[in-house]
Amino acid sequence: MHTQIFDFNNPNRSPTISCAAGETLELKFVNPPPDGERVFTVGMDTQSAALVEEVGFDRVLLDPSTLSSIPEGRICKYNLWQRRGGTLDLVAEGRLILRGSVAPEEVSTQLIANANSPRLLVDGDSVMQNIPGTRVFLEQMLGHKFRFPEGYLGAVGGHSAQDIYHSAPDLLARIDPGKTVVLVGPVGANQTAADDGFDEITTYLNALYAGYLSAGAMVVAVPTLLDGMGVTTQDEKKSALAEWVSAFGSGGSVFYDGREYVLPKHDNFFAVDVSGFDRDSMKSDVSHPNSAGSKYLAEAISDTVMPLVDGAVYDAVESVNLIEVGADFEGQRGVTQTGVTGQIPSDWDVNRNEGSADWVCGFDENGDFEVSIQAAASDSTLVLTMRDVELDAQAGDVVNFVVESELVESGGLKSIGVSGQGTSVMTLDPTWAAAPGTYHLRTRDDAYDTAQAVQDFQIFVRVAEGATVTVVFKRAAAFFVESDGAVTPSVSPSTFSGWNTAINTVAPEELAYSNDNRMVTATPAIAGLRHTRGADLLVGRVYFECALGADVLGVGIGTDAVTALSGGSFGVERCFWSGSVVFFSGGNRGMGVSLDQGDVVQVAVDVDLDLIWMRVNGTGAWNNDVSADPVMGTGGLSISGLAGDLYSYAGLNAVSGAAVTLNGSLAQMAYVVPTGFTPIG
């Protein structure tokens, strides 16, 4: 059953309802008027007669037979009305899509969710890398089914079919036969003169798909999408490419340019049904899906992938769950922390660590733990912590942390995340994932560098000023998974760009380096603001990212004059983003948003032209200037005052556990490297 929640106190929301054909649709109402009735109508457009009209009070339930009059894959119009006598008031309107059922009739080998498998690997171009969030939104839906091993993301922005094929060995080396799904995004948007023909593209795709299948993986592929922005010149070829991808799994004939292409059936290959993808409303430009398109693709992919895996990891690891009694958020005790009231689980601490807004905690009618905030007085962050969980982990061990959460109200939500040794693969960014629903947030596979006796596991909920958010936490699990020590990717982890470990205080050391020296963390001995710089010299046009943990002073670039005790003068030894301001050689620039835990800061530097560009989380204008563009070289902030060699830079506040992770290599990056720039490692 697909559930869609409507809040009558927030009547301007127009969510797209996307559910599978054959599924019951439930409409739940929050804060409805005490009188009258709710009427839900669906039609092909505003000029045609309604295909569906159902009436309810606390909810409206539409079973598959009621919805059968709605064509599969077509974008329809819905209205939700409040009726009192003969008066109708419009409450909400939007699009409704019934996605075609794509569950495979036969699965050659059913995958079973457990601590070590199945693993999900992702290939393709920018659509699957992170524009504008298809993969990230998908991962939120699949954390209870899949693990995300080191190097799982092979998709690279700008890759053509030829590029994807030639980079496949990295993912091939990570396939665990019979326990892996490789997801390949749509191909055909980045072709070059050398591989732009239908025959060239399909030759590369045939070799790519066959290679993954031969290595023992199941393959799920998204067919080619038609161009947006009214561009139709490639329709014939791209339609044929989409048909070819579908026929690769089922077998059949595809006709293009007067020729018939006959494809045999391939077991364990599943093409995603994207018939409901609307090129006009679901693309932000010619090639890339917008937020609605990303959500649609993620849901369509999920419909294909979910039937391949039986069970959920929570149940499979119940006997080895490291957090034991805290797994179901059970037990009740009063909370005494400032800004937090109500009852909390016995084994979890709950704290507000940002803002002045008040959070309310309690348990819903099902006994599940619920946190909420109403009309938040400021930006605010709530953190749930299970402290000092006994691990006795050894160097090289990997521990996953996964949480099932139900987002009930989402107005003003900034993000939800989880962290342990690694951090969550995703956050619930309002642009593409703030809709109510159930999500499974899971950390990446991230091996310990040294033995670890205990570990804190945390969940954080971040909201904006004015937010009204309710989140229910149902269950959680932390567990060991098998390390990928035997896998040898083409780029050794030792070549990943990291921080300079020589930057530290004399005993007691106040900085600790981990995760191939990519993470710097303040130790309990920290006694003031502390600083570090990267190990790699910045040369030419370079790009890197900094993933922020708690209590970060700032990130950017610095000279070789930076020491652990001194970051140096602003604009002279360092140019960096701190709080809501970037300090550079010409002064400072308000960025319009303050940095916070969970943010990923993007940094592009042109060393030769003495310019820097910064933004956060792949959104907003570079340097808070709509004219700024590192690709074009416009709107950069001056770093001409920096004397000496340049390196990435991070500063930490004097708080134990403050941390920053440097993403300097392509494999770790969350966002697309600007054209003309290269990763630093």
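Ala, Val, Leu, Ile, Met, Phe, Trp, Tyr, Cys and Pro are counted here as nonpolar, Asp, Glu, Lys and Arg as charged, and the others, Gly among them, as polar. The structure is a predicted model, in which local features require pLDDT of at least 70 and side-chain atom pairs count only at pLDDT 80 or more, whereas totals for chains, interfaces and linings use all residues. Residues are numbered from 1 along each chain as its sequence is written, and side-chain values use heavy atoms, with hydrogens and water left out.

Cavities were identified on a 1 Å grid over the protein atoms alone, a cavity being a set of points where a 1.4 Å probe fits but cannot get out, and lining residues being those with an atom within 4 Å of a point. Grid points are joined across faces, edges and corners, and a volume is the space filled by probe spheres set on the points. Four cavities of 30 Å³ or more were found by this rule, and the largest cavity holds about 110 Å³ of space. Its lining comprises 14 residues, among which D125, V127, P186, A189 and S287 lie nearest the centre; by class, the lining of the largest cavity consists of five nonpolar, six polar and three charged residues.

The protein is divided into domain 1 (2-99), domain 2 (111-310), domain 3 (333-482) and domain 4 (501-679), with bounds that come from an automatic or database domain assignment. Between domain 1 and domain 2, the C-alpha centres are 32 Å apart.

A nonpolar core is defined as a set of buried Ala, Val, Leu, Ile, Met, Phe, Trp, Tyr and Cys residues joined through side-chain atoms within 4.5 Å, where buried means under 20% relative accessible area, exposed over 50%, and partly exposed in between (1.4 Å probe, protein chains only). The largest nonpolar core contains 109 residues, of which Y209, I323, F401 and F473 touch the most other members. Strand β25 (residues 452-481) gives the most to this core, with ten residues, and at least three residues are drawn from each of domain 2 (111-310) and domain 3 (333-482). A second, separate core of 39 residues includes L511, V552, I639 and L662. Helices (H or I, at least four residues) and strands (E, at least two) are DSSP runs, numbered from the N terminus.

With a disulfide taken as a pair of cysteine sulfur atoms within 2.5 Å, the count of disulfides comes to zero. C546 is in no disulfide, the nearest cysteine sulfur, that of C575, being 14 Å away; C546 is also buried, because its relative accessible area is 0%.

Most residues other than glycine have a negative phi, and most peptide bonds are trans. Another cis peptide bond joins A507 and P508, with omega about 0 degrees, and P508 lies in the loop between β25 and β26 (511-514). Although not a glycine, M229 has a positive phi of about 60 degrees; this residue is found in the loop between β12 (218-221) and α6 (235-250) and counts as exposed because its relative accessibility is 59%. D388, likewise not a glycine, has a positive phi of about 50 degrees, but its place is in strand β22 (residues 380-393), where D388 is exposed, with a relative accessible area of 52%.

Definitions and conventions:
On a 1 Å grid over the protein atoms alone, a cavity is a set of points where a 1.4 Å probe fits but cannot get out, and a pocket is an open set with protein on both sides within 12 Å along at least five of seven lines; lining residues have an atom within 4 Å of a point.
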